Amino acid sequence: RIIDVRDERAAVHMAQAHAELTGKPGVAMVTAGPGMTNAVTGIANAHISRVPLLVISGRPPRPQEFMGALQDLPQVVILKPITRYARTVQHANHVLRELDEALACAAGQGNEPGPAFMDFPTDLLREKIPMPLVDLDRLRPREVFFPDPSPEAVNRALDILWSARRLVMISGRGARGAGRSIIRLLDKLGCVYLDTAESRGLVPDDHPASMPAVRGRVMQEADVVFTVGRSLDFQLGYGSPAVFPNARFVRVGTSASELRSNRRGDVEIYGSISMVLDAILNRLGRGRLSIDADWIDDLRRHDRARRDKLHLQLTQAAPGTDGAMHPYRLLGCLKDVLSRDGVIIADGGDILSFARVALTGGRYLDCGGFGCLGVGVPFGIAAALAYPDKQVVVVSGDGSFGINAIDLDTARRHDARVVFVVANNYAWNIELNDQIASYAGRIVGTELPSCDYAGLACALGLHAERIEDPAKLPDALEQAFKKAPSLLDVIVTRDAVSPDGRSGIPVIPDLQPLVRWDDMERVRIGKDAQK
């Protein structure tokens, strides 16, 4: 099916969301020159996220090469650093071979998965391939195979797990599809489980091992960290001993970054997450680890207390001094109407931080490790087209929403039944608050006054409402889901400081992403220097 969009970046974002949600590669076709450069942000986002997709572009005819042709750029050279494959197809009889190779590289056969790029001179597109040169075997789907896990490595991992008193399992992108194996092993181990945005929904939020509200404490106190399909990037403090001061690591991964990025594991096992976890489970037998039950119970009490506090905020958070509702009131109303199998997309700065905490369960996508604002509209459209019978909602900040807002038209034309909820505080609020705190209140380029996103959506043919009173939100949300595609322009206060804002992410500390972690890292470096 061809989904035509208004901007090439949106096309690549849609291809990424399709791949993330369905497990099948998405394909984006863009024009040459500015079409390709428009697509670069989407390609870079898929590169950072390790998502398999294929981007196909044109390029000027071969007879005009090196003559200053229209839209002539070294496209392959530009894209090589952020793709798994980037080539120009020069001969018609190579087309199927190169398509096959591009998809294999995108899927991660022999390497990490990610985007592939190929372009075609326009004169080649007019050629015909003789049937004897059409190798239909090239169209056969490829599979990514992993070796059986090494019994010796599994035994070494078991030795460390058996010794653990304070064990935590942390999942990531590579663990997708292994939810059943993860739950079986969690039930056996009796340990703590932390997911990440990459793996949200693999384990139900009400599973006894899931304790997201005490994440920082768990990372500080764990004596063994068991990562499954998760790289140790900035979101996990790069695995630093400052953030994990007491831990040994068992790392299971499907790619190099999941297996050995930033910190070596005491045991590293390459392979299918399900196969490795099942092998560990089988060798555990009837034994049970000596997990510190008092530690688990205390964590669970604190996790429950923090969840209860969050629940109160979602229902009772006071408005700001400007009289506008708190973002948690918006998210609380939304949470009440979302089904467990709904798809949630979060896009923005402040609002993403609030949503990541407040909206749990179900499939979840956000801006990812690239921090790529503007993914909300195209991700939501792709999700609604992939799952037409599920609730799909995009929660977006007003700043990030504007980046791809024109593709509301795409949602309407293709009947993508998605609900867009814009948290509108007329500002790039995470930056505005940083300017207030760090630059003596000098506000420059962070305000977006008087934007009427409901009016924009109505002009593009969608059902839309502007909401200022939280009491009107439940009915408005019900109508929005009935009349999707639709948009709610919800006025929220500027006064609310998000969890990311409180942690110091906007400051961008030198050594770690969070101010608290950065301070701990500095102390660690100082101690090491004294030694």
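**Exercise 1. Find how the residues lining the second largest pocket divide into nonpolar, polar and charged.**

*Solution.* The lining of the second largest pocket divides into 17 nonpolar, 10 polar and 11 charged residues. Keep in mind as you work that this is a predicted model. Next, look at the pocket itself: its volume is about 1100 Å³. Its lining is made of 38 residues, and those nearest the pocket centre are Gly23, Pro52, Ala107, Pro113 and Val144. Then turn to the elements: helix H1 (8-22), helix H4 (95-107) and helix H10 (273-284) each give two or more residues to this lining. The largest share, 7 residues, comes from H4.

**Exercise 2. Locate aspartate 195 and decide whether it is buried or exposed.**

*Solution.* Start with the place in the chain: aspartate 195 belongs to the loop between strand S6 (192-194) and helix H8 (215-221). Now check the accessibility. Buried means under 20% relative accessible area. Aspartate 195 has 14% relative accessibility, so it counts as buried. Finally, list its neighbours: leaving aside residues up to four places away in sequence, aspartate 195 touches Ser171, Arg200, Gly201 and Arg215.

**Exercise 3. Follow one of those neighbours, arginine 200, to the ring that its charged end sits over.**

*Solution.* The ring is that of tyrosine 364, and the charged end of arginine 200 sits 4.4 Å from its centre. A second case to look up is lysine 390, which lies over the face of tyrosine 387 at 5.7 Å from the ring centre.

**Exercise 4. Count the aromatic pairs, then work out which parts of the chain the pair of phenylalanine 146 and tyrosine 270 ties together.**

*Solution.* The count comes to 4 aromatic pairs. Among them, phenylalanine 146 and tyrosine 270 are edge-to-face, with 5.6 Å from centre to centre and 70 degrees between the planes. Phenylalanine 146 lies in the loop between helix H5 (122-125) and helix H6 (151-163), while tyrosine 270 lies in strand S9 (residues 267-270), so the pair links parts 124 residues apart in sequence.

**Exercise 5. Classify the pair formed by phenylalanine 244 and phenylalanine 249.**

*Solution.* First take the distance: the ring centres are 5.3 Å apart. Next take the angle: planes over 60 degrees apart count as edge-to-face. The planes here stand at 80 degrees, so this pair is edge-to-face. Last, look at burial: phenylalanine 244 is buried at 1% relative accessibility, and phenylalanine 249 is buried at 0%.

Notes. Residues are numbered from 1 along each chain as its sequence is written. This is a predicted model: local features need pLDDT of at least 70, side-chain atom pairs count only at pLDDT 80 or more; totals for chains, interfaces and linings use all residues. Side-chain values use heavy atoms; hydrogens and water are left out. Helices (H or I, at least four residues) and strands (E, at least two) are DSSP runs, numbered from the N terminus. Buried means under 20% relative accessible area, exposed over 50%, partly exposed in between (1.4 Å probe, protein chains only). Contact means heavy atoms within 4.5 Å. Rings of Phe, Tyr and Trp (its six-membered ring) pair if their centres lie within 6.5 Å; planes under 30 degrees apart count as stacked, over 60 as edge-to-face and the rest as tilted. A charge sits over a ring if NZ of Lys or CZ of Arg is within 6 Å of the ring centre and within 35 degrees of the ring normal. On a 1 Å grid over the protein atoms alone, a cavity is a set of points where a 1.4 Å probe fits but cannot get out, and a pocket is an open set with protein on both sides within 12 Å along at least five of seven lines; lining residues have an atom within 4 Å of a point. Grid points are joined across faces, edges and corners, and a volume is the space filled by probe spheres set on the points. Ala, Val, Leu, Ile, Met, Phe, Trp, Tyr, Cys and Pro count as nonpolar, Asp, Glu, Lys and Arg as charged, and the others, Gly among them, as polar.
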